[in-house]
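Consider how the two parts of a chain meet. The paragraphs below go through the interface step by step.

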Number of protein chains: 2
Amino acid sequence: MSIKYAILGYLSWKPSTGYQLKKNFEESSIMYWSGNNNQIYKALIQLQSEGCVSNEVIHQANSPSKKIYTITQKGLDSLKNWVMLNPEAPEFKKSFLVQLAWSHQLTNGEILSLIEAYENEVKMQLIMHNEKNKRDPVFPKRSSREELIWDMISENFTSSYEKELIWVEKIKKKLNCSNNKE
Amino acid sequence: MSIKYAILGYLSWKPSTGYQLKKNFEESSIMYWSGNNNQIYKALIQLQSEGCVSNEVIHQANSPSKKIYTITQKGLDSLKNWVMLNPEAPEFKKSFLVQLAWSHQLTNGEILSLIEAYENEVKMQLIMHNEKNKRDPVFPKRSSREELIWDMISENFTSSYEKELIWVEKIKKKLNCSNNKE
DNA sequence: TGTCTCATGTAAGGGGTTACATGATTCC
DNA sequence: GGAATCATGTAACCCCTTACATGAGACA
């Protein structure tokens with residue numbers, strides 16, 4: 001899927017500028033794109049040419065002028081249509097596992113320190129995710145259902161990282177055991 | 001990371017042709033690329049120009065000729081170097097969560113059937129992963145350590161899918177509860 | 001007769017990334 | 001004086017994907 005529908009999603013919540021959307025993406029773990037300018041501003045132009053959004057230019061005295069994008073009915077329909085599509089299975093892209101898979105040339109010690117570096121990386125990611133969610137979480141609460149859903153999505157991420165840490169402990173223990181046998 | 005190191009990994013295990021590498025990628029869940037021709041054959045040419053692999057052309061009577069690629073010492077060094085790089089955190093790209101996040105326009109029933117479609121998708125993926133691993137798993141067993149590592153990598157995938165299914169049950173229950181309250 | 005396996009490659013395009021460019025204001 | 005925030009946009013490039021092209025033999 002492309003970033004288009006994530007943008008339509010934010011705009012279906014409230015109108016905003018490209019700049020604001022960019023910050024939303026940066027703050028969010030769920031919306032997994034980097035939120036770079038190139039993608040967002042291009043997507044907005046494309047969405048406009050498709051009639052899914054419209055914009056209003058606001059000239060400001062002390063800041064650069066900005067374009068406030070608003071979703072159209074066509075955009076709402078297109079979003080709903082996409083949301084109801086048959087979901088895809090999750091993608092687990094863990095380049096660390098590829099490194100581990102080809103660690104045959106390393107010593108036991110080198111493998112263990114590689115695993116510990118991964119452990120730290122995951123822990124950091126978990127902390128960052130939790131912090132993002134604590135301070136001023138940027139998500140809609142238009143109904144108790146919507147709040148529940150966003151909470152569950154956040155929990156999905158938290159527990160994914162936590163489960164990864166449990167797995168890390170397990171492989172560390174296993175490697176140490178077979179290490180001591182020799 | 002690019003597919004290059006995954007290819008070097010396979011070649012560090014045993015020499016093979018582009019065609020064989022392609023099949024390896026198709027059979028593997030860990031090596032998460034689609035394994036399409038364009039990428040593999042291009043990568044092999046590039047790896048050769050970097051001096052990381054060499055090839056030998058074999059002419060066959062009843063089949064098309066093939067190029068057997070072998071890893072060089074430079075390739076082994078390059079692979080080891082990459083394996084020892086600081087690992088990146090796992091990427092969880094779950095487009096389904098983006099759909100859920102913007103499901104505000106749907107009815108409770110529509111959301112539940114969306115979640116169930118996701119559940120089926122994850123179950124199928126889990127079954128496929130387990131089947132791939134049962135019948136003739138394509139991975140090296142040059143030492144007990146290597147076997148242990150590949151087993152743990154496979155378990156990482158299995159448990160990721162299983163944990164996702166547990167999460168699905170939880171959100172289904174929560175949505176049903178708040179549904180009944182109304 | 002049609003599809004599968006072996007085997008190598010090319011064409012076109014989608015989606016994403018980093019870095020660059022501009023320019024005023026505000027805060028340390 | 002230097003960095004950060006607001007605000008929009010472009011250039012170059014990387015990685016990956018699907019689909020196309022060829023051509024022989026095996027199997028149903």
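Contact here means heavy atoms within 4.5 Å. The model is predicted: local features need pLDDT of at least 70, side-chain atom pairs count only at pLDDT 80 or more, and totals for chains, interfaces and linings use all residues. Residues are numbered from 1 along each chain as its sequence is written, chains are lettered from A and ligands numbered from 1 in the order in which they are written, and side-chain values use heavy atoms, with hydrogens and water left out.

Chain A is divided into domain 1 (3–83) and domain 2 (95–181), with bounds that come from an automatic or database domain assignment. Taken over C-alpha atoms, the centres of these two domains of chain A lie 31 Å apart. In domain 1 of chain A, 9 residues are in contact with 10 residues of domain 2 of chain A.

The size of an interface is often given as the accessible area lost when the parts come together. Between domain 1 and domain 2 of chain A about 940 Å² is buried, 62% of it on carbon and sulfur atoms; buried area is the accessible area (1.4 Å probe) that two parts lose on being put together, summed over both. On the domain 1 side, A:Trp13, A:Glu27 and A:Ile30 lose the most area to domain 2 of chain A, together 60% of what that side buries.

Between domain 1 and domain 2 of chain A, 0 salt bridges are found (a side-chain nitrogen of Lys or Arg within 4 Å of a carboxyl oxygen of Asp or Glu).
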